[in-house]
Amino acid sequence: MKDLTRRPETLFLFGYMLLPLLALVSVAAGVWSVIIGNKILGIILIVVVTQLFVWGAVWMIGKRKRLLEELEGTIDASMSDEEAINAFNAREALEIEARERAAAERSAAEQPTSQPAERNEDGTQAKE
C-alpha cells in the first residue's frame, strides 16, 4: 500500500475517480434503502460509508498534491503546461549556474596566489 501512495497516478485515480464514484453509489444505495423502508441501513450508508469515501478522496487528493510538490518543486496551479516546464527549466538553470560558480570559487581558492615581483624604487624589477 505504501508504494501505491507514492505514485501520483494512483492517487489521482483513487482521489478523483474511484472514491467519489463509490461515495455517489453509497448515497444512492442509502437513499434507495430509506425509500424502500430500511431506514437504519439507509442512514448508515448515507452518513458513515459515504463520509468514509469522501474523506478518503480528500486525503488522497491532498497527499497527491504534497507528493507532486515534493517531486517537482512548487508550481502554480494556474500555470499552463508550457509555463510550468519553463519555470522548471529556469530553476534547473539557476541550480547549474550556482554549482558552476561554487566550483569556480573552490578552484580559485585552491590555486596558490603568486606574489608580485619585488621592484626597485625606480620601478624596475629587482634582481635576485
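The model shown is predicted.

View 1. The chain has 128 residues, of which 13% count as buried. Among the contacts with a separation of 6 or more, 49% join residues 24 or more positions apart.

**View 2. Five residues form the largest nonpolar core.** The members are Leu 11, Leu 19, Ala 57, Met 60 and Leu 67. Helix 1 and helix 2 each supply at least two residues of this core. Helix 2 gives the most, with three residues. In soluble globular proteins, nonpolar side chains tend to be buried together.

**View 3. Ala 57, one of the core residues, and the residues it touches.** Leaving out residues up to four places away in sequence, Ala 57 touches Gly 15, Leu 19 and Pro 20. Of these, Leu 19 is also listed in the largest nonpolar core.

**View 4. Ser 26 is a buried residue of helix 1.** Ser 26 counts as buried because its relative accessibility is 6%, under the limit of 20%. A polar atom of the Ser 26 side chain lies 2.9 Å from the backbone oxygen of Ala 23. With residues up to four places away in sequence not counted, Ser 26 touches Leu 45, Val 49, Thr 50 and Phe 53.

View 5. The side chain of Thr 50 has a polar atom 3.4 Å from the backbone oxygen of Ile 46. Apart from neighbours within four places in sequence, Thr 50 is in contact with Ala 23, Ser 26, Val 27 and Leu 45. The contact between Thr 50 and Ser 26 links this view to the previous one. Ala 23, whose backbone oxygen lies 2.9 Å from a polar side-chain atom of Ser 26, is in contact with Thr 50 as well.

**View 6. A nonpolar patch lies on the surface.** The patch consists of Val 34, Ile 40, Ile 43, Ile 44, Val 47, Val 48 and Leu 52. Together these residues have about 650 Å² of accessible area. Helix 2 contributes the largest share, six residues. Val 34 is partly exposed because its relative accessible area is 31%, which falls between the limits of 20% and 50%.

**View 7. Lys 65 is an exposed residue of helix 2.** Lys 65 is exposed because its relative accessible area is 53%, over the limit of 50%. Along the chain, Lys 65 and Phe 12 are 53 residues apart. Their C-alpha atoms are separated by 9.5 Å.

How values were computed:
Residues numbered from 1 in each chain as written. Predicted model: local features only at pLDDT ≥ 70, side-chain atom pairs only at ≥ 80, totals over all residues. Heavy atoms only, no water. Polar contact = N/O pair within 3.5 Å; in protein donor to acceptor, adjacent residues only side chain to side chain. Contact = heavy atoms within 4.5 Å. Patch = residues over 30% accessible without salt bridge, like charges linked within 9 Å, V, L, I, M, F, W, Y side chains within 5 Å. Areas by Shrake-Rupley, 256 points an atom, 1.4 Å probe, with all protein chains shown as cover. Salt bridge = Lys/Arg side-chain N within 4 Å of Asp/Glu carboxyl O. Helix = DSSP H or I, 4+ residues; strand = E, 2+ residues; numbered from the N terminus. Buried < 20%, exposed > 50% of the residue type's maximum accessible area, 1.4 Å probe, protein only. Core = buried A, V, L, I, M, F, W, Y, C linked by side-chain atoms within 4.5 Å.
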